[in-house]
Amino acid sequence: AEIRDKNYKLVEVVTESSEAVDIVIGLQGELLRAAEAGADFAVLVYADGEMTVCMDTDEEVSTLTIHTTKTSGIYAIVYAPAGAFAGLE
């Protein structure tokens, strides 16, 4: 997600949560074009020494929405041709 040269106001930072939260990432550029072409998206989350695969939970093409309790860590957006992530959900 591209955020340079934009005026965003940080309202609150959640660093840990016992309840899952939704994180919504707006897709732009190459990522948006891939989504429009039908690619499947997921987010790899590395936190507390373990890797979690979070699948996109909404049907909106221009966003990637994940549901997670891992609010801090290393996040990586991955995408592949439609159907490539079948069985990971």
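**View 1. The side chains of T63 and D58 meet in a polar contact.** In this predicted model, the side chain of T63 makes a polar contact with the side chain of D58, and the distance given for this contact is 2.8 Å. T63 is found in strand β4, which covers residues 63-68. T63 counts as buried because its relative accessible area is 16%, which falls under the 20% used as the limit for that word.

**View 2. T63 and the residues that it touches.** When residues up to four places away in sequence are not counted, T63 touches V24, I25, G26 and L27, and also D56 and D58. D58 is therefore a residue that T63 touches and also the partner of the T63 side chain in the polar contact of 2.8 Å, while T63 itself is buried.

**View 3. The second largest pocket and its lining.** The second largest pocket holds about 260 Å³ of space and is lined by 14 residues. Of these lining residues, A39, D40, F41, D56 and D58 lie nearest the centre of the pocket. By residue type, the lining divides into seven nonpolar residues, one polar residue and six charged residues. D56 and D58, which are among the residues nearest the centre, are also among the residues that T63 touches.

**View 4. D48 in the loop between β2 and β3.** D48 lies in the loop that connects β2 (40-47) with β3 (50-55). Although D48 is not a glycine, it has a positive phi of about 55°. With a relative accessible area of 71%, D48 is exposed, because that word applies to values over 50%.

Technical notes
Residues are numbered from 1 along each chain as its sequence is written. This is a predicted model: local features need pLDDT of at least 70, side-chain atom pairs count only at pLDDT 80 or more; totals for chains, interfaces and linings use all residues. Side-chain values use heavy atoms; hydrogens and water are left out. On a 1 Å grid over the protein atoms alone, a cavity is a set of points where a 1.4 Å probe fits but cannot get out, and a pocket is an open set with protein on both sides within 12 Å along at least five of seven lines; lining residues have an atom within 4 Å of a point. Grid points are joined across faces, edges and corners, and a volume is the space filled by probe spheres set on the points. Ala, Val, Leu, Ile, Met, Phe, Trp, Tyr, Cys and Pro count as nonpolar, Asp, Glu, Lys and Arg as charged, and the others, Gly among them, as polar. Helices (H or I, at least four residues) and strands (E, at least two) are DSSP runs, numbered from the N terminus. Buried means under 20% relative accessible area, exposed over 50%, partly exposed in between (1.4 Å probe, protein chains only). A polar contact is a pair of N or O atoms within 3.5 Å; within protein, one must be able to donate a hydrogen and the other to accept it, and residues adjacent in sequence count only if both atoms are side-chain atoms. Contact means heavy atoms within 4.5 Å.
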